[in-house]
Amino acid sequence: MHKHRIGTDVTVLADQTEVPGIGHLPINAFVLHADQPVVVDTGLSLPDRDFVSTLSSVMDPADVRWIWLTHPDRDHTGGLYDLLDAAPQARVITTFLSLGILATERPLPMDRVYLLNPGQKIDVGDRTLAAFRPPLFDNPATTGFLDTSTGISFSSDCFGAVMATPEQAAAPDVADLPQAELAERQVLWAGIDSPWIHHVAPDRFAEMLAGVRRADPSWILSSHLPPAQSIATLLDNLLPTPQSSPFVGPDQAALMAMLAQFEPVSA
Ligand SMILES: [Fe+2]
Ligand SMILES: [Fe+2]
C-alpha cells in the first residue's frame, strides 16, 4: 500500500492487484480531508487487507463522517462494514441501487445511509460535493463526484488502466508514465470494464467526455489509475474506445496451455 498526498485536501490509499497476462491494476481509495472527513471507497475484499488499520495511519477512523461508496463492487467495499463499526458517526453516501446490490449479501443499516443521485449535491461542512455519472462504469449504481472547492474529481472505475509493472501502478502521477502505452492501456481497460461502449456511437461518447472537460477538474482521481492532472490527455486517450477491438479473455484451451507452462519438467 502506497500513500500519496494531493495538496492538503486528499490522501490517496494506493493498493493494487495483479491481472494475469495483462499487468497490475491500481486499486485506490481516498481520504478527502474536509471539515466532515470523507472516505471514498474502502479497498479490496481480500482477507489479508485491513482497510481500517491502513486508514488509521492517515486519520483516526472514529472521526470519519462520510463514506462515499462509488459503487458496491468488491474492489471498493473491502473495509465498508469494519469502517462503519469503527466510525460511529459515519454514513454511507450511495444510491438506491447500491443498497439493493449490497442487500443481496449484507444489508446496510438504513440509519447509516445517505442516498444521493447523479446531479445532486451534499454539503460536508467546508465544501460541497457534486455527484455525477462518469462516462464509463461497470455497475449501474456508480456515482463519481466533484469537490467544488478544489475541482478534484473522483471518477470511480472510469479512466482506469492496468499498468505494466507494480511500480507504474503505484506512481504518484500518470505524467510519470510512458504516455503512448498509457493511452493503449486506458482504451483496453475501458473496453474490459465497460464493454457496452462498443455499442455507443463515437460522437455520442465524445460528447460524454466533453462533459467532463467542461467541468474543468483540477485532478482526476480514478479508482484504477494513478492520480492525473493532465486532464486533456486523459480524455483524448479515451476517444477511440468505441471503435477499439472488444476484449476477449482466455478460453479453457488457453488456460490449459498456461497451466502446462507451470507443470514440472521431468529430467
Ligand atoms: Fe467496478
Ligand atoms: Fe473498480
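This is a predicted model: local features need pLDDT of at least 70, side-chain atom pairs count only at pLDDT 80 or more; totals for chains, interfaces and linings use all residues.
Which helices and which strand do the buried residues of H7 pack against? They pack against helix H5 (179-193), helix H6 (202-215) and E12.

Residues are numbered from 1 along each chain as its sequence is written, and chains are lettered from A and ligands numbered from 1 in the order in which they are written.

The chain as a whole comes first. The chain contains eight helices and 12 strands. Helices (H or I, at least four residues) and strands (E, at least two) are DSSP runs, numbered from the N terminus. Along the principal axes, the C-alpha atoms occupy a box of roughly 65 × 50 × 35 Å. A compact globule of 267 residues would have a radius of gyration near 18 Å, and the 19 Å of this chain agrees with that. The radius is taken over C-alpha atoms, and the globule rule is 2.2 Å times the number of residues to the power 0.38.

Burial is judged by counting neighbours. A residue is buried if 20 or more other C-beta atoms lie within 10 Å of its own, exposed if 12 or fewer, and partly exposed in between, with C-beta atoms placed from the backbone. By this count, 41% of the 267 residues are buried. Contacts are counted by distance: two residues are in contact if their C-beta atoms, placed from the backbone, lie within 7 Å. Among the contacts with a separation of 6 or more, 62% are between residues 24 or more positions apart.

The strands form sheets. Two strands pair if DSSP finds at least two bridges between them. One open sheet has seven strands in the order E1-E2-E3-E4-E5-E6-E7, with mixed pairing. Its edges are strand E1 (2-6) and strand E7 (113-115), each of which pairs on one side only. Inside this sheet, strand E5 (residues 66-68) and strand E6 (residues 91-94) run parallel and are joined by three bridges. Trp68 stands opposite Ile93 in E6.

The largest nonpolar core has 61 residues, and Phe30, Val39 and Ile67 have the most contacts inside it. Strand E3 (residues 23-32) gives the most to this core, with six residues. A nonpolar core here is a set of buried Ala, Val, Leu, Ile, Met, Phe, Trp, Tyr and Cys residues joined through C-beta atoms within 7 Å. Leaving out residues up to four places away in sequence, Val39 touches Ala29, Val31, Leu55, Val64, Ile67 and Leu83.

Another open sheet has five strands in the order E8-E9-E10-E11-E12, again with mixed pairing. Strand E8 (121-123) and E12 are the edge strands, and each pairs on one side only. Strand E9 (residues 128-132) and strand E10 (residues 144-147) are antiparallel and share four bridges, and Phe132 stands opposite Gly144 in E10. E10 and E11 are also antiparallel, over two bridges. Their hairpin has four residues between the strands, and Gly151 in it takes a positive phi near 80°.

Is strand E11 enclosed or open? Five of the five residues of E11 are buried, so the strand is largely enclosed by the rest of the structure. Ile152, Phe154 and Ser156 point one way, and Ser153 and Ser155 the other way. Phe154 counts as buried because 29 other C-beta atoms lie within 10 Å. Apart from neighbours within four places in sequence, the contacts of Phe154 include Phe30, Val40 and Thr70.

E11 (residues 152-156) runs parallel to E12, with four bridges between them, and Phe154 stands opposite Leu221 in E12. Both faces of strand E12 (residues 219-222) are covered, with Trp219 and Leu221 buried on one side and Ile220 and Ser222 on the other.

This leads back to the opening question. In helix H7 (residues 231-238), Leu234, Asn237 and Leu238 are buried. They cover an arc of only 95° around the axis, which puts them on the same side of H7; the arc is that of the directions from the helix axis to the C-beta atoms. Ala183 lies in helix H5. Ala183 and Asn237 are 54 residues apart in sequence and 4.9 Å apart in space, C-alpha to C-alpha. Ala183 is partly exposed, because 18 other C-beta atoms lie within 10 Å.
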